[in-house]
Amino acid sequence: MRYGAARASRDVRCETSSAGLPQGTVGACALWLARLVVDVVLAAGYEARRTPLRHFLGIYSCSAATLFYRWRSRAASRSVAPMLAVAAELEARGSPETKARLAGSARRLHRVALFYYMMGIMQVMGITQSLFSSDTPVSRLLQSAPYGQLLSGLLTLAHLYAMVCGLFAYYTMLPVLFAMFGACSALFLALGGECSRAEHAGGGPGGVKYLAAQHAHLTLAARRARLLFADLFAHVLMALLSLPLLGTFELLVSLKDVDSVTLTTFSVIAIIFAPICLAGQALEDASSSVRGGLYAGPWLEEGAGPRRARAHLMLGADNCGARMAVGGLGSLNAASLLHVVQRWFSFLNMLLNTAKA
């Protein structure tokens, strides 16, 4: 089989181990953030501030992804270990339908990773053009200083280095995120299907205790993944959701000055935020499928002991639902996406009413 059940889980380990960022990436990102802060402060008017402000939000997210790889790459590799164990068991004992479902999920997650790799390449091309063509207060100050041309060129090269490394970290972190939570969802669904099979009836080696052990592994993997990304979401999503708000403000204040970059800021909702929320909703739905699979299991073929174990596992599965969370701010799911869209429309109505007044 070209795509095995553990393919998506192995992709996480491959990404986190191969994403060894070059030395100085964090320092280069910090230098660019400091330069953008100066550009925003010294710029005359919003027209001159909007480009460095966009770059600031983008490089802030990239810096968070860079620190994620610096501090948590080993933790990410350890987080997939329980998923790999469950995937190996399902490959060995699962039904053909389960294996086919897992293989399809692995192919889908692989295509998702390729999509974000292409997005990263497009971002590098677009930001590089604006980086070399922008006229900012810092660049003008350097031009007036001794060896200004040399200093400006070195600073631009440092920013280019930070941009490439930061975007590499960001657009490889997203496939890791989707592969980790997507693989966990696929394994939960597969385990739910296995719970209803007659082959797992009774208290033997492949019975309810076996299902409970696999569910415990998946619950542990989901918990580790949630804790791994919880505080990272708080930083990335804060910057991510600020871009459409700035774009909305620009559209209402001065429609003539709107450029293509302003319009592309709205795409982050559909390209990044919405898929993250939908992945969180899929994880919640998949974790609840184990209870349904246990309920549809072969009760009449089991004795009293396995029945009690099945009932206890149903209660435990109901109380141990997996979710994707933002650190201290709640869960990421379809309700979160709807809430953000509603707040965006409220912000839009407020700006429209202010403009009319």
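Begin by selecting Ser336, which counts as buried at 15% relative accessibility, where buried means under 20% relative accessible area, exposed means over 50%, and partly exposed lies in between (1.4 Å probe, protein chains only). This is a predicted model, in which local features need pLDDT of at least 70 and side-chain atom pairs count only at pLDDT 80 or more, while totals for chains, interfaces and linings use all residues. Residues are numbered from 1 along each chain as its sequence is written, and side-chain values use heavy atoms, with hydrogens and water left out.

Ser336 is found in helix α12, residues 334-356; helices (H or I, at least four residues) and strands (E, at least two) are DSSP runs, numbered from the N terminus. Leaving aside neighbours within four places in sequence, Ser336 is in contact with Cys277 and Ser331, contact meaning heavy atoms within 4.5 Å.

Next, select the nonpolar core, a set of buried Ala, Val, Leu, Ile, Met, Phe, Trp, Tyr and Cys residues joined through side-chain atoms within 4.5 Å. The largest such core has 80 residues, and those with the most contacts inside it are Tyr170, Met173, Phe229 and Ile276. Among the elements that give two or more residues to this core are α3 (46-79), α7 (148-195), α8 (208-253) and α10 (267-295), and its largest share, 21 residues, comes from α7. Centre the view on Met173: apart from neighbours within four places in sequence, Met173 is in contact with Ala65, Phe68, Tyr69, Phe229, Leu232 and Val236.

Then move to Ala76, found in helix α3 and buried at 0% relative accessibility. Ala76 and Ala225 are 149 residues apart in sequence, yet their C-alpha atoms are 7.6 Å apart in space.

Because they are four residues apart in helix α4, Glu89 and Arg93 are separated by about one helical turn. Glu89 is partly exposed at 27% relative accessibility, and Arg93 is partly exposed with a relative accessible area of 40%.

Finally, colour the segments that an unreviewed UniProt entry gives as "transmembrane region", at residues 114-132, 160-191, 227-249 and 261-283; such annotations may be inferred rather than shown by experiment. Residues 160-191 are 100% helix and 0% strand, with end C-alpha atoms 46 Å apart, and residues 227-249 are likewise 100% helix and 0% strand, with end C-alpha atoms 34 Å apart.
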